[in-house]
Amino acid sequence: MVDLESEVPPLPPRYRFRDLLLGDQGWQNDDSSVFPGKIIDQVPKDIRDSGLRIRLFNFSLKLLSCLLYIIRVLLESPSQGNEWSHIFWVNRSLPLWGLQVLVALISLFETILLGYLSYKGNIWEQILRIPFILEIINAVPFVISIFWPALRNLFVPVFLNCWLAKHALENMINDLHRAIQRTQSAMFNQVLILISTLLCLIFTCICGIQHLERIGKKLNLFDSLYFCIVTFSTVGFGDVTPETWSSKLFVVAMICVALVVLPIQFEQLAYLWMERQKSGGNYSRHRAQTEKHVVLCVSSLKIDLLMDFLNEFYAHPRLQDYYVVILCPTEMDVQVRRVLQIPMWSQRVIYLQGSALKDQDLLRAKMDDAEACFILSSRCEVDRTSSDHQTILRAWAVKDFAPNCPLYVQILKPENKFHIKFADHVVCEEEFKYAMLALNCICPATSTLITLLVHTSRGQEGQQSPEQWQKTYGRCSGNEVYHITLEESAFFAEYEGKSFTYASFHAHKKFGVCLIGVRREDNKNITTGRLAELNPGPRYIMNATDVCFYINITKEENSAFKNQDQQEKSSFSRSFYHGPSRLPVHSIIASMGTVAIDLQDTSCRSASGPTLTLPTEGIKEIRRPSIAPVLEVADASSLQTCDLLSDQSEDETTPDEKMSSNLEYAKGYPPYSPYIGSSPTFCHLLHEKVPFCCLRLDKSCQHNYYEDAKAYGFKNKLIIVAAETAGNGLYNFIVPLRAYYRPKKELNPIVLLLDNPPDIHFLDAICWFPMVYYMVGSIDNLDDLLRCGVTFAANMVVVDKESTMSAEEDYMADAKTIVNVQTLFRLFSSLSIITELTHPANMRFMQFRAKDCYSLALSKLEKKERERGSNLAFMFRLPFAAGRVFSISMLDTLLYQSFVKDYMISITRLLLGLDTIPGSGFLCSIKITEEDLWIRTYARLYQKLCSSSGDVPIGIYRTESQKLATSESQISISVEEWEDTKDCKDQGHHRGNHRNSTSSDQSDHPLLRRKSMQWARRLSRKGPRHSGKTAEKITQQRLNLYRRSERQELAELVKNRMKHLGLSTVGYDEMNDHQSTLSYILINPSPDTRLELNDVVYLIRPDPLSYLPNSEPSQNSSICHATGQDSREETQL
């Protein structure tokens, strides 16, 4: 290959010398045709360095000439008299004259040389340049004085060299910026120009006034400085004034120059300052090396996103000294600018307008020195795939620029997740969203449980409320997940060498903390040795190096312990409980019981049994029920061994039912995943995949003739999902509901109500799952809802539509979803509706009742909590507390928390069933029935679960009656109070009519509306005879009667549509209403919390595989065999 560099001709001597003197200016002023691009790329380094040194020498030379002028003025004795000769002649010593002549010769030679080298054919252009004229004025007189000694004392305005020094300084700074490749220097240059201009004006005025006043007041330099400062500052004391007309004229000229030059400089400076405020400036290298900071990269910054990030990030004490640098390509929003001006945030948050794809902007943010980089996606865009593509490019750019910077990335769609596998922490929004919505259908309010766990709170919310449920709910909401090494823990150190369930129960009993999982650290060569495991079961023995994960109000390092005298404890209590108990005395005695009789059940346990097991009848007759103790180390007799392939829930079925069930379903891994990166989960599957035509619920085919959900005759109620498209994230809704640990008899049919038909790839993924169907329709259409079986559905999940996530007014993005859900709520009041919203603030409109006094009271409570600085002010809204509404933006804190708690994402994925690790448990729930109330307290329930099945409870979902809501059953009683003027017969007749109209939820009484209007008229006639309180009751009764009539009309509408579609109206419950109840979650309640009827207890149940002799199932436990192209090898766990 020809060496291209050897073919480049050398530069002519003239140009090489000129470039040596001019630096980059020579390249800019010359023709590009003379210097090829190859030469320009080769030469600049040496030329830049040499040119910079020459400019520095020139600048120093001009400063030296000004200094010599000042020395001459100071050494000169005051002149006598007021003759004009003193203006033209000065006293200059011979050594000083010699130095000034030398400086003048060097300056003149350099000026002539540069003028010759930059000559382009027009000599007047060179001569009439201001720097050239000033050089001639200041240097030529000294050169002439060499040959004409009489002119040695001639006055020369050498002080004008300050302007040449200013010009040299500007060129030198420009060369310096180019040499170090500093591009963001416009603001610095403008400030430098302004300061240098101001100094030159003042210095020129000082020297000029001092010299012209040699024939006047004979001012010295200090008096001239004083006069100039007072004059230019517009103060004007008048104690020092010029006397001669020449000095006065000079002052006028200088003021005119200042009035013209300085405003221009200030205007340019102000413009650059405003532009810099928009772009945010730079984060200095010194601060980056001495202080810690994180970078937040976003497409557009909204006030809600900013406040969520700042409140969650700075909620941790060790992050108080961190700085947050925001890198955003858009201009700062007005609301964001207003917030960042608050002193609390202005000292911590730095906003930079720039792009993460530009190295210059990443350099401004000092990304290579950052402690972490958070990259968030814009979820409000219509094209969410495009938003993910932008996020992926930002992550690649940051990784390329700063490979060692930890990355925390938020992605929207699961199919794009594998592009950013290199990131340290990744949260996929659709994965978490659909998995959470799925668990909400089988474990009520899972979304609220997870949201409260990933939010930082002190548990102070609701403590000022008069209602007890709000105090308890708010206090328990402060529980979070923390970690600590076993040997360093005061909570768990004593349980080394004991089983996990024993440590979990006794730690909760002694300290009120809930141990939910561990992470092995003793064997780092095993892949799963570094992953967290939820409730590994009673077989797991605690080691000193294990990292314990527990739920508590605060972490152990911030907890205070009371010193107790160990010698005062009895030997019995020390051997069994290892510490004091916070339970009542009767609970302690009852929990001890007779340990020899109520041993652990060795039968095969149910995977998700709905109730707890009572002691046998024989034991009941002898003594009160008792609970077995939790063993320190589980022995072989107490461990329950089950076959993975046998469904524990089938124990109560007949052998024929078992055989038919086993022929219908199998257990294994799904043979097809719709996207790369999905975690394999052991599931209930069909032996053969269902033809695509059979997946359509409302269309008959050659295999079946059903056209609506009722015709299928499902044993369990439906779960309906209303979504816009069948995205890959919807796959994560199906998998948790078909996991292998869910009993077959409890599997609910899943119906996907889609606005758009699904593609083939999605159908390939779901055709292996049992009882999964889809239907093209919308929740806007009542006929579509009735066909998909909404009248006998257990849950209706409404997913936020992508096409409505963006709106001109941000919070209006949820308008369509809210109105549609409100219509569903009015038509099917008994239906459990779970809704996803874009903005959490809009959840106050869910199941909205304008005149509900209780909702208004909760609104006031929310405002008070927000004023107190709570990050969870919306938690007391009844739909959120009950788990009927949630927003995925509430899970943004999960990514923020992972900066401090790097395990939070993995633990959340395990809780939601997105990841399955051998030996790790899963989240499920049980319901407290009347047969279980003998347990009485949460501590006894904890002991019962740990000793019998190894389950670890983590919270309670409680439903109570809403005291402030007026029940409709009270209408008849209230009406009867106003019928006291009637005789007993008529009174009884009216009472009977009232009860018949209001007691039955499914009443089809034809005279309902006429009777309601009669009652309303009767009440209005009797109203004026009663007090104001009576009038309020009458008004409330009217509203209830009107509401009753309205619901009856809605019920008739639904029934008519069902008859028109040929659907049976049997089972349609139009009168059931949940407005008289409220539900909330108690995370890790205190041990003495009393259990109530219908409480739902959240459990982390051990992995059934952990009870097998061999942790890996044999090849016989593989998924079903398929023939043809769908056949695949047997899949092992």
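Predicted model: local features only at pLDDT ≥ 70, side-chain atom pairs only at ≥ 80, totals over all residues.
Reader: Which residue forms a salt bridge with Asp 780, and where do the two partners lie?

Author: The general idea is that side chains of opposite charge can pair when their charged atoms come close. Here Lys 816 is the partner of Asp 780, with the closest N and O atoms 3.8 Å apart. The pair links distant parts of the chain, since Lys 816 belongs to helix α32 (residues 815-827) whereas Asp 780 sits in the loop between β15 (772-776) and α31 (782-787), 36 residues apart. Lys 816 is partly exposed as well, with a relative accessible area of 42%.

Reader: Which parts of the chain does the salt bridge of Lys 433 and Glu 836 link?

Author: In this case the side chains of Lys 433 and Glu 836 meet at 3.6 Å, N to O. That pair links distant parts of the chain, with Lys 433 in helix α19 (residues 429-442) and Glu 836 in strand β17 (residues 832-837), 403 residues apart. Both Lys 433 and Glu 836 are buried.

Reader: Turning to helices, what span should α33 have, and how far apart are its end C-alpha atoms?

Author: Helix α33 (residues 853-867) has 15 residues, so at 1.5 Å a residue it should span 21 Å, and the 22 Å between its end C-alpha atoms agrees with this.

Reader: Which residues of α33 are buried, and what covers them?

Author: The buried residues of α33 are Tyr 854, Leu 858, Ser 859, Leu 861, Glu 862 and Glu 865. Because they cover an arc of only 165 degrees around the axis, they fall on the same side of α33. Their cover includes α21 (468-476), α34 (878-881) and β21 (1077-1083). The face turned away from this buried side carries the exposed residues Cys 853, Lys 860 and Glu 867, and just after the helix Gly 869 takes a positive phi of about 90 degrees.

Reader: Which residues make the nonpolar surface patch, and which helix supplies its largest share?

Author: The patch, of about 680 Å², is made by Tyr 119, Ile 123, Trp 124, Ile 127, Leu 128, Ile 133 and Ile 137. Its largest share, three residues, comes from α7, while α7 (123-127) and α8 (130-147) each supply at least two residues. Tyr 119 is found in the loop between α6 (94-117) and α7, and this residue is partly exposed, with a relative accessible area of 38%.

Reader: How far apart are Gln 943 and Thr 501 in sequence and in space?

Author: They are 442 residues apart in sequence and 9.3 Å apart in space, C-alpha to C-alpha. Gln 943 lies in helix α37 (residues 938-948) and is buried, with a relative accessible area of 3%.

Conventions: Residues numbered from 1 in each chain as written. Heavy atoms only, no water. Patch = residues over 30% accessible without salt bridge, like charges linked within 9 Å, V, L, I, M, F, W, Y side chains within 5 Å. Areas by Shrake-Rupley, 256 points an atom, 1.4 Å probe, with all protein chains shown as cover. Salt bridge = Lys/Arg side-chain N within 4 Å of Asp/Glu carboxyl O. Helix = DSSP H or I, 4+ residues; strand = E, 2+ residues; numbered from the N terminus. Buried < 20%, exposed > 50% of the residue type's maximum accessible area, 1.4 Å probe, protein only. Expected span 1.5 Å × (residues − 1). Arc of directions from axis to C-beta. Contact = heavy atoms within 4.5 Å.
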